[in-house]
Amino acid sequence: MSNLLSLITFFPLVGMVVLLFLPRESDRLLKTVTLVITLITFLISLPLAFDDAFRTSAEMRYVEFAQWINIGEYFRMNYYVGIDGISLWLVMLTTFIMPITVLSTWHAVEKNTKGFMALLLLLETGMLGAFIALDVFLFYIFWELMLIPMYFLIGIWGGKNRIYAAVKFFIFTAVGSLLMLVAIIYVYYYAVKAGLPFQSGFSIAHFYQLDLPAHLQTWLFLAFAFSFAIKVPMFPVHTWLPDAHTEAPTAGSVILAAILLKMGTYGYVRFAIPLFPVAAMKFTPLFATLAVIGIIYGALVAMMQDDVKKLVAYSSVSHLGFVMLGVFAMNLQGLSGGMLQMINHGISTGALFLIVGFIYERRHTRLIADFGGISKKMPVFATIFMIMTFSSVGLPGTNGFVGEFLILLGAFESGLRWYTVFATTGVILAAVYMLWMFQRVMMGKITNPKNEELQDLSGREIAVMVPLLVFVFWIGFYPNTFLEKMNPSLENLIQQVKGKQQVALLVEAPTPSVAKITVNE
Amino acid sequence: MYDKLWLIPFFPLVGSIINGLFGKRFIRNEAAIGAIGTGAVFLSFLVSCSCFFTLLGDTEKVHQQVIASWMSVGQLQVDWGFLLDPLSAIMLLVVTGVGSLIHLYSIGYMHGEEGFYRFFCYLNLFIFSMLMLVLGNNALVMFVGWEGVGLCSYLLIGYYFEKKSAGDAAKKAFVMNRVGDFGFLLGLFTIFWTLGSKHNVWTINFVEISEQAHLLSGDMLLGVGVTTVATLCFFLGATGKSAQLPLYTWLPDAMEGPTPVSALIHAATMVTAGVYMIGRMNVLFAMSPTTMAVVALVGAVTAIFAASIGFAQNDIKRVLAYSTVSQLGFMFMAMGVGAFTAGIFHLMTHAFFKACLFLGSGSVIHAMHHALHHAHVDDDPQDMRNMGGLRKFMPITHATFGLSCLAIAGIPFFSGFFSKDEILWWAFASTRGMKVVWVIGAITACMTAFYMFRCLYMTFYGEQRTHKKAKDHVHESPWVITVPLVVLAGLATVGGLVGIPHAIDLFHVGNKLEHFLAPVFEHSQKLHEIEAHGSAATEISLMVLSVVIAVVGISIATWMYLKRPDLPGKFTSKFSGLHRWVYNKWFVDEAYDVLFVNSTKKLGTFCWKGFDVKVVDGIVNGTGKLVSVFSTALRYTQSGLVHNYALTMVLGMVVMVAIFILQ
């Protein structure tokens, strides 16, 4: 089917329209319909995952192209979409997480269900669109589209401090986006001036061919990188994340952690680095430093949290630091580790937010001190929680290990050796903060009488967790299923980026101080 | 036979899954759960035996089996692969053999526990991980087992999770192991990239690394040889897993776990993983005399340090725990001076006698617990000050415990005698040996004999100090507990005969173990000229000396704790300062708390409340406030009153006119 990607992307939007015609009081019906819509979206996206061509081809597949907006002779943007090995698993992750999220809201969302579900579906379209867009302007539209539903999800269905969190989330992200918008338009005009046919619009493939001078690359890269850094989030622009996560409803946190944050890291892989490779090379030490600081800093702050949800939020800062380190290593191990870790973080941290949601629904508190000894009352919950904890810690045999290992191995080779040594201490700190939290919440004697009444997970809740558990072990024991389909595209990307960096270095070769950068040792 | 290798870890994995998923709801019956758990390990033991004997009669000594690909990313190709060679074959026998016995024992020991199924699920999972560690044909599969045993150790130490101390101990064990794992990973990265980028050999397979290691001989990193850097990193991993200085403090705390766990994980198998790892990578270690010296010295210092703490502990399991740390130190001494065979030999004999000692202590604790419980007395069943004279009530436990004490003390012809003596001989006479290591080793041997017999006497001899209500309720344990004790005591007695040193080999049976392990170690020993040289006379006289040392240790213990029971009290009051330090384990835990735990917590709080809240959010909120202040001020200009606007207009015109005129 040639319109498969469009179908997947806009099916939730169509579903949203259907939802708008349903009566607003029929809570269960609204949820069921939303669940069915997201499930169908997942099912129609499945053929992508089983497409074996990704194993050999680095090309964009399922490409769709249509003229969209024409303004005079000079401005053209197209509806141009497609996926390769880099976006494939992110698209799959999105369609996979959505039904799980919807199922998790069964009892959690009671107020204005219709609005909530409609926004979820709108959000899904936004996220999928951003991952499949091959036109930079189209990407930007979807990127901004995601922002709005998330803002309302936090602002309306959030916790006590929701307005502050929603505004903070919005302002941080919007400030970054504006800089990116300016940079996008600048690149377009540069491209048209350089003689690229304006009919190709903001096509990313055409932009890749531009030879932007180094000083321009610096500014453009920084504009893109700043925008993405906020989304990742990288230290020190991460402070919106803990607030947004803590105040967001469970479903919002899950989507935020599992998918929205990946927009930032994906942005580096797809846009910031390949569009401006020379600048990216120049700033690699800076970003590697920020990544390593993020790993350690996120872990240290996570350790001291007294709110479980905030702890998981800060652990994201640490985990995404690993991803960034892998991406900036710019070799196959680092990059594929980074890509895999995006998926892993989506699964494990998504699961941890669901887990926090489960106990929050029961006890209406997230403070670690209010718990303790829960294993006794909720053995199934305890087992699942423990598996997810160790997946987050990166125990071999779970998904987290494979990603972290590849990232560290790649970064160690890439000239970021000392960064890697520091990053590896994150492995120790992860064990400290996760296990300490687990001990205080789950082990010991029950001290709070309210915890005596706790019920173990229901069938629905177990059903929410089982698919995630499957992937924890699948990726842990046989990651090749995923790696082999992303590697051709990644290899292609590395070749392209490294090629341009080499050329730039040759031009500057007379200055020996610059040439040093290429030497790994 | 070699294609059946995968069955060895497979059985315990299946056992673990069955008991874990169905134990609580469907099987329920203790006997069935115990039988599944024990049977799974026993099946592995049978397969291991058959592999061992096939290998014994085979001329080709290295066999690999690849099950599937694990990760394949560019030059990095990792398989789920197994490796059977003499070294892993010996370890397989120890792990599955001792493992089966301890599983059997656990059926009796854990009887009536609420989490019986959970215990067997974890214990099987542990055996599975340990077998992965032993069998892995590459460093990453080994690492799966390496962290897997750490996980199971965490789960089993925290088995009584309602006790805070158990939770603390579990976490401490895992985190300290992680510190070691950090080293392991860095070592692995270094080897992989140096071999790959410099010599185009992309591999983490042990066999290939051993074959290609010679390429690394000229490579430098940080001003020293690559192999030195890498092996020091690996050794950091070993100190975590095998509880050596500075990462040993988790092991004594790990005694919070049920006693079979202490016997299996924290004495016989898991903690020896570091020694095994060095054996597996002996080619790399042999290339770096620096690392070898570090290994030997750390081992020696740990041995004597832990033995000193063992002097003053009253908890029977803690004595054994410090003894384990000390004995592991002996094994590292051996690896460090190039006595690889002796190290593995001591690993094996230690598995026998220390497992027997732990299980014996478990039998005593079990009996004490029931007696005290029966009499409703709140005394600590593990405190040796509440024991004494138990040999009358528990003859089998006493006999087996006694035999194992003789073995660990190094009395001739018991197993520990042969292995410990070979280590001391190598420390003295090896080309990589060091006299200081030998001296420390000899002194530690004396201390070992002393504290073990102190433990034996306080528990089984003298006057019974148990609460008088509970006194007569102490009974010998049931057969599931005593049978493993007897078997292990038998092994602890005769197990050393596989490694009779040449100097006293009167009947020319030969050193069977050395011969069997030769394919693994001989190559690197020859290449780097690692050998022990000295006359048979010297060897024999050193042997006599170490026997004397052992007897002296035992005699002092006998005198102090059997003949003059008033002496220890006098001694501690006279040297109360020293005793306080030793009793409190030299305050190492407290120092670590101040140095690492508290400072990390403070740093975390600073990052959070200092940087995140004050600096970053301060800037953001400050910007927000500034805008708001600015616009509040501007708001006054937008008052909506027409005469205000008119006034502004007039003022503006005046200013403009003024400027115009003044120009």
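1. Where in chain A is confidence lowest, and where is it highest? The lowest mean, 44, belongs to helix α20 (residues 512–515) of chain A, and the highest, 93, to helix α3 (residues 85–104) of chain A. Confidence here is pLDDT, the predictor's score for each residue, from 0 to 100. Helices (H or I, at least four residues) and strands (E, at least two) are DSSP runs, numbered from the N terminus.

2. Some ground rules for reading. This is a predicted model, in which local features need pLDDT of at least 70 and side-chain atom pairs count only at pLDDT 80 or more, while totals for chains, interfaces and linings use all residues. Residues are numbered from 1 along each chain as its sequence is written, and chains are lettered from A and ligands numbered from 1 in the order in which they are written.

3. Confidence in chain A. The average pLDDT of chain A is 88. A score of at least 70 is reached by 97% of its residues. Residues 512–521 of chain A stay under 50. For that stretch the model has six contacts beyond four places in sequence. Two residues are in contact if their C-beta atoms, placed from the backbone, lie within 7 Å.

4. Domains of chain A. Chain A is divided into domain 1 (1–281) and domain 2 (283–503). These bounds come from an automatic or database domain assignment. The C-alpha centres of the two domains are 22 Å apart. Across the boundary, 48 residues of domain 1 of chain A are in contact with 49 residues of domain 2 of chain A. On the domain 1 side, α3, α9 (240–247), α10 (250–275) and α11 of chain A give two or more residues each. The largest share, 13 residues, is from α10(A). That side of domain 1 of chain A divides into 34 nonpolar, 11 polar and three charged residues. Nonpolar means Ala, Val, Leu, Ile, Met, Phe, Trp, Tyr, Cys and Pro; charged means Asp, Glu, Lys and Arg; the others, Gly among them, are polar.

5. Chain A against chain B. The contact takes 40 residues from chain A and 39 residues from chain B. On the chain A side, at least two residues each come from α11 (277–303), α13 (332–363), α14 (374–377), α16 (399–413), α17 (417–442) and α19 (480–507) of chain A. With 10 residues, α17(A) gives the most. The chain A side has 25 nonpolar, 12 polar and three charged residues.

6. Chain B overall. Chain B has 25 helices and four strands. Its C-alpha atoms fill a box of roughly 125 × 70 × 60 Å, taken along the principal axes. Of its 663 residues, 56% are buried. Buried means that 20 or more other C-beta atoms lie within 10 Å of a residue's own; exposed means 12 or fewer, and partly exposed is in between, with C-beta atoms placed from the backbone. Among contacts in chain B with a separation of 6 or more, 80% join residues 24 or more positions apart.

7. Strand β1 (residues 61–71) of chain A and strand β2 (residues 75–83) of chain A run antiparallel and are joined by eight bridges. Two strands pair if DSSP finds at least two bridges between them. I69(A) has M77(A) in β2(A) as its bridge partner. Three residues lie between the strands, and G72(A) in this hairpin takes a positive phi near 60°.

8. Backbone points to check. Most residues other than glycine have a negative phi, and most peptide bonds are trans. The peptide bond from V232(A) to P233(A) is cis, with omega near -10°. The bond from F235(A) to P236(A) is also cis, with omega near 0°. P236(A) counts as partly exposed, with 16 C-beta neighbours inside 10 Å. P236(A) and G294(A) are 58 residues apart in sequence but 7.9 Å apart in space, C-alpha to C-alpha.

9. Positive phi outside glycine. H364(A) has a positive phi of about 55° and is found in the loop between α13 and α14 of chain A. H364(A) is exposed because 9 other C-beta atoms lie within 10 Å. In chain B, N200(B) has a phi near 60°. The loop between α6 (164–199) and α7 (206–212) of chain B holds N200(B). N200(B) also counts as exposed, with 9 C-beta neighbours inside 10 Å.
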